[in-house]
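Thanks, everyone; please have the sequence and the model open while I talk.

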Amino acid sequence: MEYYLLAAALMLGLGAIGAAIGIGILGGKFLEGAARQPELVPLLRTQFFIVMGLVDAIPMIGVGLGMYVLFAL
Amino acid sequence: MQTGMWEKRGDRAQQRYFTTLKYQGAVLALIALLLVPFDFVVAYSALLGGLIYLVPQLWHAWRHFKNRAAGTANRALAELYAGQIWKMALMAMLFALSFVLIEPLSGFSLFAALLLMQVMNLVMQVSGARNS
């Protein structure tokens, strides 16, 4: 049985779940902050953008490893 | 007046972000150049790993900061999510293309350069936010 396909699927799938939860919470907090203080939207938007880049770091490494397992091994 | 103050803080964060990207590019080029005399495959694999990280980041940043002033919070959020989805798709495509088209490739140096870029981004953003 080809377990490497399962390994790649787990890496990609679990990474996607992690990123989705993290970015979803972040988006909810962004909307809360914007509703409380609408004048902060330009700042919150930039902060959201920067933190989103940090949240997706580990899932993207998982995606890279998954692609490596699928295509290079 | 207060909105202007927050916009200035947003501008500073934007400057910090682009400075981080410049430093990352410089460090990546330096590492690749230093590795060339030892092993050419390792050198270009490291360069490739760094570029896989930097190109989607640059594209996403350009897209985000180009129309930063426009719209409500809901629209801003929708745009950020769309940009993030395209960034992830671009990154996954670059990974797949590198692994399929480029041979030989050193996986270790590719992922080491990618990790270095991620850690640099984390450290510079966090330390910059503390100092501002």
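The residues lining the largest pocket divide into 7 nonpolar, 2 polar and no charged, where Ala, Val, Leu, Ile, Met, Phe, Trp, Tyr, Cys and Pro count as nonpolar, Asp, Glu, Lys and Arg as charged, and the others, Gly among them, as polar. A pocket here is an open set of points on a 1 Å grid over the protein atoms alone, where a 1.4 Å probe fits, with protein on both sides within 12 Å along at least five of seven lines, and lining residues have an atom within 4 Å of a point. Among the lining residues are Ile23(A), Gly24(A), Tyr81(B) and Met88(B), and H1(A) gives the most, with 5 residues.

This is a predicted model, in which local features need pLDDT of at least 70 and side-chain atom pairs count only at pLDDT 80 or more, while totals for chains, interfaces and linings use all residues. Residues are numbered from 1 along each chain as its sequence is written, chains are lettered from A and ligands numbered from 1 in the order in which they are written, and side-chain values use heavy atoms, with hydrogens and water left out.

Now to the interface, where the contact (heavy atoms within 4.5 Å) takes 40 residues from chain B and 31 residues from chain A. The rule finds 2 salt bridges across it, meaning a side-chain nitrogen of Lys or Arg within 4 Å of a carboxyl oxygen of Asp or Glu. One of them joins Asp56(A) and Lys87(B), at 3.0 Å from N to O.

Conventions:
Helix = DSSP H or I, 4+ residues; strand = E, 2+ residues; numbered from the N terminus.
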